[in-house]
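Biologist: I'm new to this one, could you put it up and walk me through it?
Modeller: Of course, here it is.

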Amino acid sequence: MRGIAAAKGRRTRRHLAGRQWEGLIFVLPSLTGVIAFILVPFLDVIRRSFTEVMSGKFAGLKNYRTIFSNSAFLQAAGNTVRFTVVCIPLLLMGSLAAAVLLQRQKRLGSFLKSMYLMPMAIPVASVVLLWKLLFAQGGMLNGVLSFFGAAPVDWMNSDCAFGVLVFSYIWKNLGYDVILWLAGLSGIPESIYEAARVDGAGEWRCFVSITIPNLLPSLYTIAVLSFLNSFKVFREAYLVAGDYPHKSIYMMQHLFNNWFRELSVDKMSAGAVVNAAVILMLVLLLQRAWEKE
Amino acid sequence: MRRNRKGRLAAVLAAAVLAAGIGGCGNTDNTQGTQAQSISAEGGNAMGRYMESEIALPADTMRICDIQKLADGTLRIFAGGYRSMIWDSKDDGATWEQKTIVGEALDLDKDITIYDARISPDGSVFAFWYEGGSDNEIGTLCFGKILPDGTAKRVTPKLPETESSYGTMVGQIGYIETGKILMRIIGMDQFYLLDDESGELLDTLNEEGAYCDYFQTGGGKIFIFESKGVTILDYASGGQSEADDAVKETLEADSENLSLTSTSSFPVVMCSGNDDGILYFADDEGLYRYSAGGSVVEQIADGKLNSLAKPSVSLCGMSVSDDGSILMSVTDEESPKLLRFVYDESVPSVPDTEVKVYTLEDNVAVQQAISMFQTQNPKYYVSLETGMSGEDPVTASDALRTLNTEIMAGNGPDVLILDGMPMESYMEKGVLKDISSIYNEILQSGGLQENVAGIYQRDGAVYGIPSRFKVPVLIGDAETIGQIEDLESLGSTAEQLRAQDGDVESILHVMDAYWLQNIFYGAYSPLMLAKDGTVDSQMLTGYMTELKTLFDLNHYKEEEVEYRMMTNRSDSYDFSLYVSTQGLVEKTEKLQLMDLGSGEGLATVTSVCGLTPGVDYRLAPVGEKKVFIPSTIVGVSAKSSQTEGAEEFVKFMLSETAQSVNQESGFPVNKKALDTELFAEKLAKGELSEDERIIMTSGSTWMSEDGILHEFNFDTLVPGQEEVDRFKKLIDSLDTPSLTDAVMGELVAEQAGKCITGEITAEEAVSVVCQKMNLYLAE
């Protein structure tokens, strides 16, 4: 019996190993692209982070020391962290609440879903135009404020700029996250809720004890996607305010963009390596937390 | 088992797709590689190019109206001006023989000037002029013909009556064949074809009434140019030609070909070839050959490889010799020149060595230098890339990023025109090559204006040399401007002047908000950075406040307000060089801050001072600093693959030859060229007559609201030796370059514009600029 079981086990392992190789062949085309266009160039970035720009001479940790003593880098890094810390929880909670409410909407559900997705369908150029119309000093928002007797606010050249950017990011990405949450919600069997209700659980209890635990596997994916999407907000900020926006919305991408204009490839490479390391660490932490769950 | 087989099949298919993809890619690459090699092998050895040479003109030739190579090989020119003459050369311009003094041959009064003339293929000349004119009437239009043997006769053409109160005015004439002259009358759409001897009206062309800016003839066709396009008439049939789309498209491809910008030259010139139906034409992009009805226009010479692309060159006429060489009459810096293009089979069609020059913005001085350099150095092909063409919304930052990508990829330019570029960053990173050898060589051989040219020296190395510079000066009452020390006192003085005279239109000359900020930035930008490298917010507050004050002190007419409030413009003309002669002379303006960038500019300022008692000029009052604006800063890329060619070109740009041509790009740093610019030749003659002193005469007439006609005439005179010496001393005292970084300039300009026009307060403007500039400086 033991012999048969052992033989079966070996066969299963061989079978699994074979299937893994088959899977590898399937991912090979995209993996080749990732290696050619991301990993290999990134290795070059790592190399450049230890060298001088034009001569290519080895510079040790000089570039890393330079960026950590550079106030623009610290400002941009601080803003990026602040933006992420403020936006990601807001977006995750807001989209989850919207998804739960939408799931219960039988009649208007599909219409509201489309409405939530509308901002994603609007081209960035149009969004930027909208921003300019809304938030310019002589713009629509100040027009409305002045109607109520309030003083006009220079939205994009004051601390309000950060709030505008956060609002824009959430407005644009809420629909996407709602859809992801809805996918997660649809995977929770209705029978669990019914059983809980029979046992006397209320809506809140059901949400806390059934919905949240069952959505945890989705949380990792949604959090990582939202985190990565948060970097795209630079497009809007750049198109509205150019290379030098208000300091509260001066992000890492602004800095990299400007460093490239100045041919500061050495600093840019060091900054990119640090940035990538931080992102990788965060993603791994999230993955670990998810695996524990 | 079935699932497993399916899996294997899928895996094999996936692998096959991947292999096919990779294999396919490799295959395509190989094919392209082979093709590229064969093209390179074929194109690399192409030989033959039209080479340019200059033919010396007879002495004192002021203008060439027409040239013609006659059947017997004689080269005939009609030299216009105060004394029009016909000259012949039997040896292709080596010597000239005076054939006819036109005025004498036609028995004209000495004060009559021949307006224009054309030479017929048989050598006869048809000319026109006006007699008995007055201020309000141009006079009677007269025509004459000088026959090949030199005898002359008057011709009375039968032209229709014109309704113009000035009388009949000829727009242009041109031979279409021997004996037949085509004429365009101003105010009439039709062309009149006349017998050049009897004046008989042979035909009326352009019955459709196509508007004409100018016309050219050649290859049996008449080409009518106007801003909307080109109309081609076949003068054999009299109707529009439908079969010449190729030449039409070529001519219309460059919008600059379509409209006249001068009364003595044309954007396009044409002539017939030696065979029937062959047309030769030229524009600033090159020489072309076209066979009537053909589908292709052949560019036989690239304008970039000869003088045709020189911004200072304008085309006047052309003719083709029996041997196929092409003669062209042009004006270069307002002097006539005769050029010959001869095909040389032994020269490569495209020079072997390419030197790439990069400039952020269009730069006429560089274009001029490239053209001159290539004419003198046929082995080099100098290509010019302009980062911001002005035709697309590319910003300075966008252009710099693209440039940096090229530099990092090893495909960057060899020569950099560093205006607007991050100079300090480039020097620090080793982007620029040390060109101290060139600097020292020119310094020792002829001399450079060292206090200007040497500003980019670091530890004995020279990374860039400003080839030109401008000097910001303040013009106004001598006593008043003498008391002004800085921007603050300029503002308070302006306020005092306004308090003393509430009626005067302008205290300080202001073109508009854009130019006000632009001119002041040139003079005051060095003060914007504190010693620690951060922004001096106190100074910046003063800058914004004073600009606003100066702008608001003027009384703008209601219809002018919108224009004056403009904060962004894309003028091709540099208004910082403009002298408000009328405002200063008539004292409707009390002060003007402007940039001096040419001898003519200095002459205008000294003429204003000479004409207006008490008015004088001084360097812009910037405290202890004596500020200048470096421009056309040349540098060589450390990664240049053509270092020798690049250095040759930079050396040429700083040479007396290249620097002596000034198209309002600034004073040259080459001392000999600077002397030439500051009238050394004229002043060396000693005492100049009144006529000799006049450089330019300008004037304007306008009617005031009360219906009175006003007139203002102004003569720009050569300054005296003392005035030139005084200005040279001012140049020698210059010690502070203005900031040339485009990013900083844009950051200040944006907010300054808003502040001047009252959109934001000075404090708000300063807050935004400080925040942004400090980020920029911290990067």
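Biologist: What should I know before I start clicking around?
Modeller: This is a predicted model, in which local features need pLDDT of at least 70 and side-chain atom pairs count only at pLDDT 80 or more, while totals for chains, interfaces and linings use all residues. Residues are numbered from 1 along each chain as its sequence is written, and chains are lettered from A and ligands numbered from 1 in the order in which they are written.

Biologist: What does chain B average in pLDDT?
Modeller: Chain B averages 85, and 92% of its residues score at least 70; pLDDT is the predictor's confidence in each residue, from 0 to 100. For the model, ipTM is 0.80 and pTM is 0.76.

Biologist: And where does pLDDT stay under 50?
Modeller: Over residues 1-43 of chain B, for which the model has nine contacts beyond four places in sequence; a contact here means that two C-beta atoms, placed from the backbone, lie within 7 Å.

Biologist: How is chain B divided into domains?
Modeller: Domain 1 covers 50-350, domain 2 covers 355-467 + 631-672, and domain 3 covers 469-627 + 693-778, with bounds that come from an automatic or database domain assignment. Taken over C-alpha atoms, the centres of domain 1 and domain 3 of chain B are separated by 45 Å.

Biologist: How many residues of chain B are in contact with chain A?
Modeller: There are 26 residues of chain B in contact with 27 residues of chain A. On the chain B side, helices H1 (2-44), H5 (396-408), H6 (423-429) and H23 (762-778) each supply at least two residues; helices (H or I, at least four residues) and strands (E, at least two) are DSSP runs, numbered from the N terminus.

Biologist: Which residues have the most contacts inside the largest nonpolar core?
Modeller: Those are B:Ile475 and B:Leu547, in a core of 242 residues. Such a core is a set of buried Ala, Val, Leu, Ile, Met, Phe, Trp, Tyr and Cys residues joined through C-beta atoms within 7 Å, where buried means 20 or more other C-beta atoms within 10 Å of a residue's own, exposed means 12 or fewer, and partly exposed is in between. Leaving aside neighbours within four places in sequence, the contacts of B:Leu547 include B:Phe520 and B:Ile756.

Biologist: Switching to strands, which one does E18(B) pair with?
Modeller: E18(B) (residues 278-283) pairs with E19(B) (residues 286-291) in the antiparallel sense over six bridges, and strands count as paired if DSSP finds at least two bridges between them. These two strands form a hairpin with two residues between them, and B:Phe281 stands opposite B:Tyr288. E19(B) also pairs in the antiparallel sense with E20(B) (residues 298-302), over four bridges.

Biologist: What about E35(B), how many of its residues are buried?
Modeller: The count is zero among the 10 residues of E35(B) (694-703), which is hardly covered. Nine bridges join E35(B) to the antiparallel strand E36(B) (709-717), and B:Thr697 has B:Asp715 as its bridge partner there. In their hairpin, with five residues between the strands, B:Gly707 takes a positive phi near 85 degrees.

Biologist: Last one, why does B:Lys587 count as partly exposed?
Modeller: Because B:Lys587 has 14 C-beta neighbours inside 10 Å. B:Lys587 lies in the loop between helix H14 (581-585) and strand E31 (589-596) of chain B, and its C-alpha atom is separated by 8.0 Å from that of B:Val504, 83 residues apart along the chain.
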